[in-house]
Amino acid sequence: MHDRDTEPPPPLAFQHLKSLLDSLSATTLALAARALELLEFDRAHRFCGACGAPTTLTTDPPARRCSAPDCGREHFPRVSPVVIVAVERGPEILLGRSPHFPPGLYSTLAGFVDAGESAEQAVHREIHEETGLRIRALRYFSSQAWPFPHALMLGYQAEYEAGEIVCAPGEIEDARFFHVDALPPLFPIRYAMANLLLRDFCLRHDRPWPPRPAN
Ligand SMILES: [Zn+2]
């Protein structure tokens, strides 16, 4: 998302942050994520959403303020919460794939939190909408910034309760329970919450992470 007239001096080069997630330190990543989200906010809030007048940048805290004297509303960078959940059934974990995933890649299921909904309600709703399953024993795992463009990933773990898998048409191409000894061949990148959830699942079942390739 850089000005195409601007090129860095060799040997430097622009790269999309997504391609660097597994190679940057946590400190650098946090800075880069913040920078990317603020740039996107700045680009997308040039005008006041309430009255349409131009906004100006303020820096402490970062915001854009409406220039109309009778409005003056302040707009703050948006954060969009996404829940992502590892549903477990004994030694099995529920993984699914979207139609746009590369072949062989499966991930834990995820979705945006709706307006007026708690994160926990969103987990139950998403799993039911995407697979038809009921879950229980929901517990919070961890969170992380996912600045594409402004998500906050909220990781959860849960146990299968009831139901047969029925994939949501157009959204989930395939979803099933994978045994800890027969996980799919491709995993989400190391940085991703889905990877951390899978890693935790394997380690709790005394399996190595990443899994050893099958002979
Ligand atoms: Zn305004």
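Predicted model: local features only at pLDDT ≥ 70, side-chain atom pairs only at ≥ 80, totals over all residues.
Residues are numbered from 1 along each chain as its sequence is written, and side-chain values use heavy atoms, with hydrogens and water left out.

Me: What makes Cys-48, Cys-51, Cys-66 and Cys-71 the protein donors of the zinc ion?
Reply: Their SG atoms lie 2.3 to 2.4 Å from the zinc ion, and donors are N, O and S atoms within 2.8 Å of the metal (3.2 Å for Na, K and Ca), so these four qualify.

Me: Why is the site of the zinc ion called tetrahedral?
Reply: The angles among its four donor atoms are 98 to 114 degrees.

Me: How do you know whether Cys-66 is buried or exposed?
Reply: Its relative accessible area is 5%. Buried means under 20%, exposed over 50% and partly exposed in between (1.4 Å probe, protein chains only), so Cys-66 is buried. Cys-71, at 29%, counts as partly exposed.

Me: And why does Arg-125 count as buried?
Reply: Its relative accessibility is 18%, which is under 20%, so Arg-125 is buried.

Me: What makes the pairing of the Arg-125 and Glu-117 side chains a polar contact?
Reply: They come to 2.6 Å. A polar contact is a pair of N or O atoms within 3.5 Å; within protein, one must be able to donate a hydrogen and the other to accept it, and residues adjacent in sequence count only if both atoms are side-chain atoms. The pair therefore qualifies.

Definitions and conventions: Tetrahedral: all angles 85-135°; square planar, octahedral: opposite > 155°, others 65-115°.
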